Amino acid sequence: SRNKFPLADYAYSLKATDLYSGKTVMEKKGTFQGLQKIPDEMALEGLPYGQIRIEFTISRGKQNLISFKDSFAHFMPEGLSADPAIRAWEYRYSPLGGVFGSLSPEAANAFGASWIRFEHPNWRNNEIEPGVYDFTRMKEVMQPFMDANVRPVILQCLYHYPEFPELTDPARFSIGYGRHFREEAAALRGVVRHFELGNEDNGHTKFLYTEVARHAAAGIRSQQPLAIIANSGTAHIDYNWLEFQRGRGLLEYLDALCVHPYTNNSTPSQGVGPERGRIYEKLTQLNEIVDAAGGMKQLWSTEYGWPNSNVGGEHDRADLYVREMIVGDMAGLEINGLYTWDRDYGIVGRPAGVSIQTYARMREGRRLAGFFREGEVYVAVYERDGNATAAVWTPEAGTRPNPVRGSAYFDLFGNPLEEKTVKISQSPVYVRNVEKAVIDRARANTVTIARERLEKNIGGKVENVRGATLCAE
């Protein structure tokens, strides 16, 4: 039709909407009068960071000729550090990962994920005949993730078993599961060292599970003595099941206790956030089981999340996923996996994906120095070489004064804020280069928490003096 009508007859409209706030952040309308052709590109200038929906239309009169509607993740420009030491540190120690779904290795790296709950290929694919194993395809699928600085954490679900007749015998099943892990650990020696033995097996199979996990742990340990082995992540935080397994001796074979601290599986809202769900208290209570088993075990969460929802629910999910990650850091989780990145419950393509990416960038290369509360306000401090970034929020409705001072302030998505305008709400605020007093207060609380745990275990007091004297009561 452009050969029949002058370009001046064609109009365009361009609208950009921030999907977190629902606000229109850019709107343009015009014609192509005076141009020789319709432009190949149109600049999107001044957009805030976040998940942005674009609506674009070219029309002639009342007829829409071209219409486009989609959203994209607009990340803050502070990207991955090129420092190889930071990249190696993140690969080994960052807690952020989880169930990827269709998330590609490149996208995982861009969103800040550092580990994948690696489920496929699995036992059913790897044992091609009874006692005959082929891990070629597993390595092929795994390699692009490692190339993208994403480490695999091997998950082998009990229900992904080869349907060989002998494996229908419970006694043979446990042996078969262990043999597969033995061969898998040998094939992946020097590549992978984190293993999760099943998924949400805290049900009717609790007696069988003990034997299955013992065989698996023995098989892995025979090939990788320094492997880090966790139980099947429990649906919710199931103390009774973990205590039952401790009584049966299973924890002697494990290096980590793994749980799935869900708070709600229907409509997400601030009312089912990690603070209202007492996730910190529930996670740290796991240390009582750890200490009863002799101590020195990691805490993992390989699933948490809230289902997709309407606009209001997606707004809250953007807050909740970040706060759950921070609360997990506060509780000492070595691994904290969200469910999911790009599948059911997915965050990619939604505001929560951008808020999680911002969290990853803000804490990159840092570890939690500690946290503290000031009334209803939470402050978590991430530090490296004396330089610290704080995340500040409240789970309560309304706003509170900001108790933390620093050199720069950012919202949930990394948009800069003016110091005088900063108010603390359910949406975390990041503060760069916080004052030393904030770091000291966070560290002091970390020491207090550690001292209280030690005193509970030794039945005595730890004197707060240089050299830390133990005094039995």
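**Exercise 1.** Find which side chain makes a polar contact with the side chain of Ser 232.

*Solution.* Step 1: look for N or O atoms in pairs within 3.5 Å, where one must be able to donate a hydrogen and the other to accept it, and where residues adjacent in sequence count only if both atoms are side-chain atoms. Step 2: the partner turns out to be the side chain of Asp 201, at 2.7 Å.

A note on the model: it is predicted, so local features need pLDDT of at least 70 and side-chain atom pairs need 80 or more, while totals for chains, interfaces and linings use all residues. Residues are numbered from 1 along each chain as its sequence is written, and side-chain values use heavy atoms, leaving out hydrogens and water.

**Exercise 2.** Work out where Ser 232 sits, and whether it is buried or exposed.

*Solution.* Step 1: Ser 232 belongs to strand S11, residues 228-235 (strands are DSSP runs of E, at least two residues, numbered from the N terminus). Step 2: its relative accessible area is 0%, so Ser 232 is buried (under 20%, with a 1.4 Å probe and protein chains only; exposed is over 50%). Step 3: leaving aside residues up to four places away in sequence, Ser 232 touches several others, including Tyr 209, Trp 241 and Cys 258 (contact means heavy atoms within 4.5 Å).

**Exercise 3.** Now zoom out and describe the protein chain.

*Solution.* Step 1: the chain has 11 helices and 22 strands (helices are DSSP runs of H or I, at least four residues). Step 2: of its 473 residues, 50% count as buried. Step 3: the C-alpha trace spans about 85 × 65 × 40 Å along its principal axes.
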